[in-house]
Structure formats: structure tokens, C-alpha cells
Amino acid sequence: MIGGNNNTGSKKRHRVNSSSRLSSTAALIDSSLGDVTLTEASNKPLPSSSSSIRRSNSRHSMHLLPIAPSVSNGFNDLKTADVILRLYLDQSSPFDSEDSETQLAVDSSSEFQIYLHSSVLQRSKYFAALLSDRWKKDSGEIDYYRFNLAVPSSVGSINNHVTVLQLLYSNEISSAIDTASTALDLLPVALELLFEDCVTACVRYLEAVPWTEDEERNVLSLIPLLRDEESSELLARVSPPKSDLSEEMLQGLIFTAIQNHPNMAFAKAFVAKLLRDFSSRESAKRVLDKSFEISLKVVKESLEEYSSPDFRGDHNETEAIQRLNLHTAMTNGRHLMWLIERMIELRVADTAVKEWSEQSAFTADLQRAFRDDAWRNIVPGLPAVVLRCTFKLANAVAAGVILASRQVRLKLVKDWLPVLIVCKDSIAPLLTNHKLLYLELEETFLKIISTLPMSEAQELLQQCLSFSTRNVEDCPHLVSAFTTWFRRANRPLPGDQHQHN
């Protein structure tokens, strides 16, 4: 800011969205006029100096600034300058750092004089206002102007101000901005001095290059100082155009990972990590529920068409369609299994469990399909995929990971137990490697049955006789389930027990 002495209060310059940035500057100047020396006429000859930047007397040392030497009729040319600008560090700046190393690097007693040209300073609307006729003294011929510019006491602040002042003499501002860090250092100064060309160059550079996380925070802090048309590209990078953009992105990533990506395993692993690390569990649940619903719908429609084909067409064509339906069901069944794994991992599978328990028509189609031999040579792994989906959801319920209502638990076993039985009866001789999966699902169903009222458990346990084996010792889970049920059934009723007593 412009000031007459080191006691001048620090004032933040606001660059509001308006047709003229000068309005806010003029207001600042007007409010400061009482204690600010804007111009000073002098007939004294300018002091001679061979140095490019003059440092006022100070008891403290200061790191030398890497400033370019003076150029005839250019920046810091003492002989032709008509403006003397005093830069000094403002101790009252809100940007003061409490870091000891920072304080050692900045000397608040140091000040510098720079020799400038009023014709060049006109590029800055800030200086143009100070140099206008309304600020000149009424009497006496002015040999040169004296301005004071307070600089925040932070590392690099003076260098940044001097750099921007040098750029007033350049027609190739963009060549001086070669990193995002440089643009972010110069932009606040350019905004303060209303140096439009420099502001534009900094903004255009920031629009085009990547940022670090710290740089992005700095960009966000500067955006309010820019006009709407200047900040639109920066805002578009960091501000979502709608509230559900994150969910839309996750949905697209899931779809790509499970449907289109050539390296599907790697893509799925990466998306799984994104889901685990996602900040909103509810958003992740909504995305997974939607993806689950889409894949389940495809599997159901494919099995429905396979189980109830239209034979009005050519036989070969019908057979090809049937093969396509089975392959579609198999592919999307694998997608379902991956989605269920993610849901259970995030403990958001309650909706999926409820949906899986309401599939009486789907399970009927599966039973019809698995009783037919046509699928065996086309998708031999389809039953295992469907049963693994069932096992993962049922096991989450039995383990208490998903707290399902009694009705959901009942329907889950009631609708899917017949599918397991058909698979055991029709497929066991062909694919013996499914034995472990069958056993795990049997044990899980029996655990869920044990949570149901005895009348409902009685009906379901009678269907579980198919779990028995030639050697009774090989099915301890079935023995345990019936033992538990009979123990409960033989327990005296409260009324009967009172009568016996």
C-alpha cells in the first residue's frame, strides 16, 4: 500500500468485480489522504549513486536483492527518473510470520529506493491515479515525485514487488513467468498495483499449468480478488458444477473398470481403493447401490430370456441368442460379485441384501436354467458365480456385518435355498470343485435359520435334508442345526413349567 511513514496502518486492497478496478483504489487513496504523502516537489538534485537499488541507512543488514542493473531511460535509471519509490517492510502486515527462520530472512528496518518513470508507471492504474493532476501540488514546478510503498514482512515480498515494477518496463511479461509459484508470487502484487497486463499474464499461466496442493490453496485465496471473467477458468478446475459430481465420477469409474477397461483386474483394484478412501460413505453407498441394481437387472433379464426363449425364429439364430444371453448373465454376474465385495467391505450392503432377498422370479429362472444341460458347455461357471454372490451376502448377514430384518433373513434363505439344492443335485457330479462353496453356503443358511422363529425354521430345515451325506459324520453342521432346533422344541413352555412346579 502507499504510505508516508512506517506507522501507517496496513490496509488490504480489495479488487472487486466491477467495470473499473480503479474505483476501489481511489477510495483507498481518499481514505488515506490525511496521513499519506502521495507527491512531494523538490528542487534538490537527485542523490548520485552507482547502485541499482538504494538502501536507506539502517543498523541492520539485508540480503542483497537479485535486481537487474539500471538501464538508460529504463528501470531504476537515476539520471532520467522522475519518480522515487521508497519500499519498506510493514511490520503491521497481517502476513507477518511467526517462524524464526522467516524473521531472520526479513529485516523490517530495511527500506529501498527505486528510480522510476511516471510515463511507464501509467501502465499501473494504481500509480496512474497517484500521478493524475488531482494529486499534484498547486504551486511549484515538480522535479520528481516521491511515493512510499509498504510491503508485507514475508520472505520474497520485496523481490516480488520489485519484479512487478520491472515488468512495467517490459512488453514480454509472459516470458518472466515460468512456474506456477512465480505467477502466484507476482499476482497479488499485480492486483495491488492494478497492473492489468501482469494480472492477465499470471492468470493465463495458472490456467494452463498443473498445481501442487499448496499452490491450489493459494489460487483459491486469490480467486475472490479476480473479476468473474478472469477467474472462470480457474474456478472451473476446482469447483464442481453440480453437487453430485463426485458420485457421477465414481459411477463412471466403476462402469469403466467392470465393463470396458482392458486391464480389468488392475482397474478394479484401483477403483476399490478410491471407494475405500472416499470421504463420504453415504455417497459411496449410493453409487454402489446404483451399479448393483444395473448389473442385477442385466443378469435377471438375460436369464429370463434364456429360460423363456422365443422359438419363432430360425433355430440357429435362437441358439446364438441363447448363448449370448448366458454369456451376458455370466459377465454381469462377475460384476455383481465384485460390487457385493466392495459393499461388504464398506459395510453398506444392507440394500443389496434386501434386494437379493426379493428375487423369487429370478431364482425360479435360475432353477429352470440349471436343470437344463445346455448351459454346461457354454458357461460352466455360472452357477458358482451366482452362489458366491449369495454366499457373500448371506455370510455378511449371519456374521452380523449386515443387520437384516427377520423378514429379509427369512426370504433370503427361502428363495435361494432351492437354487443351492438344484445346483447340488444337478452339478455336483460334474464339478466337484464346487463342494467347498456348497458346504459354506449350507452352513451359512443354517446359521440364519437358527435366528428365525421356530415355526419358520421348522419349514426351512425340512428342505435342508439334501445337505445330508452318506456318512452322517461328514455333515456336522446339519446335525448341529437339528440338535439346536429339537432342544428348543423340547423346552417346556412357561405355563407348562409352572404347572409342573
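Is Asn171 buried or exposed? With a relative accessible area of 78%, Asn171 is exposed. Keep in mind that this is a predicted model, and let us take a walk through it together, from the overall picture to single residues.

**The overall picture**

The protein has 21 helices and 4 strands. Of its 501 residues, 45% count as buried. If you take the contacts with a separation of 6 or more, 78% of them are between residues 24 or more positions apart.

In soluble globular proteins, nonpolar side chains tend to be buried together. Here, the largest nonpolar core has 80 residues. Ile254, Leu275, Trp356, Phe370 and Trp416 have the most contacts inside this core. Helix α17 gives the most to it, with 12 residues. A second, separate core holds 51 residues, including Val83, Leu85, Leu167 and Ala180.

Leaving aside neighbours within four places in sequence, Trp356 is in contact with several residues, among them Phe292, Leu296, Leu336, Phe362, Leu393, Leu412 and Trp416. The list of contacts of Trp356 also includes Val386, Cys389 and Thr390.

**Aromatic pairs and a charge over a ring**

How many aromatic pairs are there? The count comes to 10 aromatic pairs. Two of them are set out here.

| Aromatic pair | Arrangement | Centre to centre | Angle between planes |
|---|---|---|---|
| Phe75 and Tyr169 | edge-to-face | 5.8 Å | 80° |
| Phe362 and Trp416 | edge-to-face | 5.9 Å | 80° |

The pair of Phe75 and Tyr169 links distant parts of the chain, 94 residues apart. Phe75 sits in the loop between β1 (54–55) and β2 (83–90), and Tyr169 in the loop between α5 (157–167) and α6 (180–192). Phe75 counts as buried because its relative accessibility is 7%, under the 20% limit. Tyr169, in turn, is partly exposed, with a relative accessible area of 23%.

For the other pair, Phe362 lies in helix α15 (residues 360–371) and Trp416 in helix α17 (residues 406–427), so the pair ties together parts that are 54 residues apart in sequence. Both Phe362 and Trp416 are buried.

Elsewhere, Tyr126, Phe127, Tyr145 and Phe147 form one aromatic cluster. There is also a charged side chain over a ring: Arg237 lies over the face of Trp211, at 3.7 Å from the ring centre.

**Leu121 and its surroundings**

Leu121 belongs to helix α3 (residues 118–121). The relative accessible area of Leu121 is 0%, so this residue is buried. What touches Leu121, once neighbours within four places in sequence are left aside? The contacts of Leu121 are Val83, Leu116, Phe127, Ala128, Leu131 and Leu168. Phe127 is also one of the members of the aromatic cluster, and Val83 is part of the second core. Leu121 and Phe195 are 74 residues apart along the chain, and their C-alpha atoms are separated by 9.3 Å.

**Helix α7**

Helix α7 (residues 196–208) has 13 residues, which should span 18 Å at 1.5 Å a residue; the end C-alpha atoms are 19 Å apart, which agrees. Its buried residues are Glu196, Cys198, Val199, Ala201, Cys202, Val203 and Leu206. What covers these buried residues includes α4 (125–131), α5, α6, α8 (213–222) and α9 (228–238).

**Loop residues to look at**

Most residues other than glycine have a negative phi. Two loop residues have a positive value instead. Asn76, in the loop between β1 and β2, has a phi near 65°. Asn76 is buried, with a relative accessible area of 3%. Leu194, in the loop between α6 and α7, has a positive phi of about 55°. Leu194 is buried too, with a relative accessible area of 1%.

That brings us back to Asn171, which is found in the loop between α5 and α6. Asn171 and Asp197 are 26 residues apart in sequence, and their C-alpha atoms are 9.2 Å apart in space.

Technical notes
Residues are numbered from 1 along each chain as its sequence is written. This is a predicted model: local features need pLDDT of at least 70, side-chain atom pairs count only at pLDDT 80 or more; totals for chains, interfaces and linings use all residues. Side-chain values use heavy atoms; hydrogens and water are left out. Rings of Phe, Tyr and Trp (its six-membered ring) pair if their centres lie within 6.5 Å; planes under 30 degrees apart count as stacked, over 60 as edge-to-face and the rest as tilted. Buried means under 20% relative accessible area, exposed over 50%, partly exposed in between (1.4 Å probe, protein chains only). A charge sits over a ring if NZ of Lys or CZ of Arg is within 6 Å of the ring centre and within 35 degrees of the ring normal. Contact means heavy atoms within 4.5 Å. A nonpolar core is a set of buried Ala, Val, Leu, Ile, Met, Phe, Trp, Tyr and Cys residues joined through side-chain atoms within 4.5 Å. The expected span of a helix is 1.5 Å times one less than its number of residues.
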